[in-house]
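I opened a notebook page for this structure and wrote down what I looked up, in the order in which I looked.

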Amino acid sequence: MKLDVNGQVHEVEADATTPLLYVLRDDLKLNAAKFGCGLGQCGACVVMVDGEAIYSCITPISVLENRKIKTLEGLGTAGKPGPMQRAFIDAQAAQCGYCIPGMMMRAQALLEKNPGATEADIRGALQPHLCRCGTHSRILHAVARAGELMRGKS
Amino acid sequence: MNRVLRSVCGCTHRTSCTGHSNIRFHLTLSRLVGLALFLVGCASHESVPQVEPPKTFPREQVLKGQELAYVGNCMGCHTEEGGKPYAGGTPLRTPFGTIHGTNITPDPETGIGQWSLAAFTRAMREGVDRGGHNLFPAFPYDHFTKTTDEDIAALYAFIMTREPVSKKNVANTVPLPRATAGWWKSKYLEPGVYKPDPAQSGEWNRGAYLVEGLGHCGACHTPRDRLGAEKKDAQFAGAEIEGWHAPALDSTSPSPIPWTVDALQAYLKHGVADQHAQSAGPMAEVAHDLSHVNDADVRAMAVYVVSLDKRSADQRKQAGDAALARARAAVAQKGNAVYDGACADCHNLGRAQEGGALELPLGTALTVPTPKNLAYIIRDGILPRDGERSGWMPAFEGALTDAQLTELLTYLRALSGQPAWNDVAGEVKKTSKGQR
């Protein structure tokens, strides 16, 4: 079947029940989304589908035909980071970094819908995400900063 | 978050009854009938003098009142999301208009800080506020009237020792004069404390007292007539409430495996029963509250509710065995890519396993008359309250389109062995974020 990932259509050969995460990592070599719990409980695997944050570890590819998938790789590159990535780098919000791609995609989905999200909105949106390094306050700063960058503030 | 249809009405006016008379210009009933009702309803209640309630109460009494407040789920209506405890504000959408839970903190100006125990008792028993105004029956005094003096006094002690919060009540939008509530009461309210049934055990009677009284379970689980009164001939037959279906608790209970006292006690106290359900929607709040209530009282409630199902022990066992066999056979079949990819990893494990979830064909949400409960659960997941432990199901909103959700619901309904739901696509649409 065909999957549209970051604007590029890929022909994928996999069983319809295969979780999107496995296809992203194993077949498409897009390794930003992480396997954490495999049960939709930690948030490390979150990517965007049609603008909404979803758990890629529990979403079978059967439901994704003709839909737009966006992963962290779609937000920018190391040489040319997007606003979300720029903000996370500036705030040095990652420690081990394992949870961060999922957090960034959830935050991206939030800010695309609501660029003026308040801290309460951000905290609420990131509630399903686990981080055990403890960089929570930097993550909150980074997302707030990304909102500013997206609104065109320098 | 949706709230259920049970609350005190928006009235804690301290003006005298005559000060309310301009309300008759808003009548939607004919003015004449309205005026007559107004006079009948209004003339019968005196205002109770303002008092400064005691500042302290015996510790034991306050703790008992706290437990009873949890039985009554008082916060469900009297605490808005993110708001201060008991300061009101929760909107309740009823067929008659939106009513907001009132501030029942002891603040003298905006709360009930000038209410004596006599005024509080009258509100609970007769649905009349301190100033003498009738309260709309969204405040379930038709149940609370069964509560003993001792328990009302304990609730009063608990409420009067809460932090006073200055917060004005939000006006309700019911276009009827309060006197109509007086007429409603003359037709439906049977005031009086619960009378034990001598043919039943003490535990059963304790359960009946809590379920029929403060617990006001029927407020959601009993269908209402067009005047908003619970139908006496359909007690606990299941009802629609704020978009959710509160399942039948009587012999028509849709639970594939009939409830036992042990299972229901676990569900009420912990919000989860292995072969039935994980509490969700309005019931999640009820289970949260009952987790603060002592085991003996929760068990008594379970004893009473299970007794509402009049099927014989044999019938119940047969029904349960058949349901279990059918469920095990159903999940053994593969056949739906969404179910197999998104649901089966947890739901086919069985509870005993780590990460195991409810065996879906046994789930109550699959068996109720509408797919809406299940649609809400799949869209929103089942998330713990802030800072608390509970079961967790991830939200699938965004992952599934409405068409895919419709297909999954149709498949799950078939898995439960029940006849297909009507208009699943239409019902799914009603549960989408923009439509609620």
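Against which elements do the buried residues of helix 3 of chain A pack? I found that they pack against strand 3, strand 4, helix 2 (83-91), helix 4 (119-126) and helix 5 (136-150) of chain A, where helices (H or I, at least four residues) and strands (E, at least two) are DSSP runs numbered from the N terminus.

I noted that this is a predicted model, in which local features need pLDDT of at least 70 and side-chain atom pairs count only at pLDDT 80 or more, while totals for chains, interfaces and linings use all residues. Residues are numbered from 1 along each chain as its sequence is written, and chains are lettered from A in the order in which they are written.

I then looked at burial, calling a residue buried if 20 or more other C-beta atoms, placed from the backbone, lie within 10 Å of its own. Of the 14 residues of helix 3 of chain A, 12 are buried, so the helix is largely enclosed by the rest of the structure; among them are A:Met103, A:Arg106 and A:Leu110.

Next I looked up the domains, whose bounds come from an automatic or database domain assignment: chain A is divided into domain 1 (2-74) and domain 2 (83-150).

Last, I turned to the contact between the chains, which takes 16 residues from chain A and 15 residues from chain B. Strand 4 (residues 52-55) of chain A gives the most to the chain A side, with 4 residues.

Note on methods. Two residues are in contact if their C-beta atoms, placed from the backbone, lie within 7 Å.
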